Every structure is written in structure tokens, then in C-alpha cells.
Amino acid sequence: MKIGVVTFPGSLDDVDAVRAVRLAGGEALSLWHGDPDLHGVDAVILPGGFSYGDYLRCGAISRFAPVMTEVIAAAERGLPVLGICNGFQILCESHLLPGALIRNDHRTFVCRDQRLRIENNRTPWTSSYAVNAEVTIVLKNGEGGFIADGPTLERLEGEGRVVARYLEVNPNGSLHDIAGISNERGNVVGLMPHPEHAVEGLTGAGTDGLAFFTGLAALGAVAPSAVAQA
Amino acid sequence: MTASHRPPKGTTVARYVVDVMPKREILDPQGKAVLGALPRLGFEGVSDVRQGKRFEIEVDGDADEARLDDVRRMAETLLANPVIEDFTVTAEEADA
């Protein structure tokens with residue numbers, strides 16, 4: 001299982017994501033925003049950061065990077081894609097996920113060890129979690145308020161597409177305390193917290209994030225089966 | 001002038017203005033911050049502030065419906081996110 005991690009100009013957490021994939025037993029490959037080629041990877045991570053300086057809107061310019069044309073086409077065919085923080089914003093701007101992420105309601109950057117409930121473990125990214133597992137994963141964002149219109153929220157809730165929900169504190173004004181969602185098929189997941197920063201005991205609040213990366217690693221080189229199940 | 005494209009001398013250039021505003025029902029934290037600051041500066045009676053963006057786009061040739069449509073497509077493709085923002089496009093003549 002080879003997982004590609006895209007670096008955009010202004011990505012911050014691409015190296016952490018690569019490291020997390022390797023710690024989880026997977027093979028990681030760095031992908032470049034300007035290279036319209038996925039180099040045969042079995043899954044893609046869009047990492048956190050401030051790609052293109054967050055100019056215009058977070059993710060609005062990255063969405064048109066050459067690599068994204070390929071990511072979007074592959075995601076529509078079922079390739080597992082995980083967008084973390086800025087990556088989540090890029091997925092919404094790409095219309096691979098519904099809704100949008102706006103500035104935190106309290107207008108300040110938030111950085112905290114966040115309690116979460118993993119409500120959907122049917123995605124390739126969350127299959128290593130028990131359903132409704134409660135975990136602590138660091139969250140750091142300025143524009144992490146998830147919003148969508150009423151019918152979209154109803155559909156996300158009704159179809160079980162809320163992948164992760166904030167517990168105890170809603171840190172950014174996200175509607176329905178939504179921390180992460182998936183697309184209809186389940187292969188594309190966007191997540192505001194940073195599991196790649198919660199993979200080693202030495203740093204951070206623990207290792208609760210590692211399971212985001214072990215699910216796919218455990219599949220070995222059988223991406224097509226993950227696609228077929230989706 | 002630092003634009004990457006310089007129209008030949010004598011060519012008319014039309015300026016299009018795209019105003020982008022957060023939708024009414026969407027929380028606008030930046031507008032709220034400005035709203036909070038104004039009374040502190042002694043401005044009274046301000047009941048709401050919403051903050052948006054204005055783009056001025058210059059395109060070769062006179063303003064016409066076809067070019068206006070192009071600018072509308074720019075707005076819905078890149079300049080605005082229709083999930084959270086509304087936009088208006090207007091044309092105004094600019095100096096060549």
C-alpha cells in the first residue's frame with residue numbers, strides 16, 4: 001500500500017503525514033502540487049498548512065493545482081483520499097466534499113488536545129477504530145468552522161457521513177460539532193484535527209491518531225478491494 | 001504596471017467589478033470584529049457590519065455581454081465560493 005502525500009507551496013504537515021504513514025507500517029511517497037501524476041499511489045493525503053498563503057480562501061487556489069486534477073479524477077473513481085485541516089478545506093473547495101470551512105466563530109486560532117468521537121469506521125481511513133471510539137487528537141486551525149446548508153447537514157447525518165465529532169468543547173463553531181465528514185462513497189474523508197500529530201508518545205497527547213494510517217497500511221497492496229467495498 | 005499582459009496602444013480596456021459577500025445566513029466573524037470595534041472608537045448606532053471582497057478585473061476590448069459572462073464564470077469558478085458567498089458582476093469603462 002503506497003500512500004502519496006501532496007506538498008503544496010505553504011504545506012506544513014506534509015512531512016509529519018509521511019512520517020505517520022511510515023510509523024503505521026505503510027509506504028509513503030511525496031507528491032508535488034505542480035506534477036499532474038499520482039505515480040501509482042493507492043491513496044492520497046492532502047496535508048495541513050497554509051497552501052498558497054490561504055490567499056482568496058483557504059484551499060481555493062490549491063484546488064486548481066495540476067496534481068488536483070488527477071486527485072479529483074481518481075477520488076471519483078474510488079481512490080482513498082484524506083484531507084487534513086487545509087486538506088479538508090481543499091476537498092470542500094474541490095467539491096469532493098460538501099459544505100465549507102469558515103473562520104472560527106471566536107475569531108482566534110485554536111490549538112488544543114481535542115476529544116473526538118469516531119462515529120463512522122466504514123471508511124478506509126477509520127476502519128481501525130471501533131465505532132464511537134473516543135480519542136484525543138490535536139486540533140489547530142484558524143478557519144475550521146464547518147458549515148453547510150440544512151438539507152446537506154441532514155443528508156450527512158442521515159447517511160452516517162459524519163466521520164468524527166467534537167466532544168466536550170466545540171472549538172471553532174462547526175455546525176453539529178462536526179470535525180470530519182466523508183463523501184457518499186466513503187473513500188474521501190476530510191478532517192479538521194491532525195491525526196498525524198498524534199502518532200508518537202514522545203510528542204503530543206498520545207498515539208490516538210495512528211489508527212487513521214494503519215487501516216490502509218493493513219490492507220497491504222490491495223487498494224482495489226478497498227475501492228470495491230466503498 | 002506589473003500585469004503580465006499589456007494591451008497594444010489604443011486598445012480599449014473594460015473594467016469589471018466583482019463584489020463578493022458572505023451569504024446573509026453565514027456567520028461573518030470578520031464583520032463582527034469590525035462591528036465590535038466601531039463603538040469603541042466612538043461611532044454610535046452601527047447595527048451591523050459585513051465584510052466582503054472586491055475584485056477589479058481588466059479585460060481587453062469594450063464591455064459586452066460575452067465578456068461579462070466570462071467574468072461571471074471567473075467569479076463562480078474561483079473568486080467566490082457559492083456555498084458560502086454571493087457575488088455581483090458589473091462592468092465599467094476604464095481608461096486604455
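Reader: What makes the pair R57(A) and E85(B) a salt bridge?
Author: This is a predicted model, where local features need pLDDT of at least 70, side-chain atom pairs count only at pLDDT 80 or more, and totals for chains, interfaces and linings use all residues. Side-chain values use heavy atoms, with hydrogens and water left out. The closest N and O atoms of R57(A) and E85(B) are 3.7 Å apart. A salt bridge needs a side-chain nitrogen of Lys or Arg within 4 Å of a carboxyl oxygen of Asp or Glu, so the pair qualifies. The count between chain A and chain B is 1 salt bridge.

Reader: Which residues supply 42% of the area that chain A buries against chain B?
Author: The area buried between the two chains is about 1200 Å²; that's the accessible area (1.4 Å probe) that two parts lose on being put together, summed over both. L56(A), R57(A) and R107(A) supply that 42%, more than any other three residues.

Reader: Which residues of helix 1 of chain A are called buried?
Author: In helix 1 (residues 14–23), they're D14(A), A17(A), V18(A), A20(A) and V21(A). Buried means under 20% relative accessible area, exposed over 50%, partly exposed in between (1.4 Å probe, protein chains only).

Reader: How do you know that the buried residues line one face of helix 1 of chain A?
Author: Seen down the axis, they fall within an arc of 160 degrees, so they line one face. The arc is taken from the directions from the helix axis to the C-beta atoms. V15(A) and R22(A) are exposed on the face turned away from the buried side.

How values were computed: Residues numbered from 1 in each chain as written. Chains lettered and ligands numbered in written order. Helix = DSSP H or I, 4+ residues; strand = E, 2+ residues; numbered from the N terminus.
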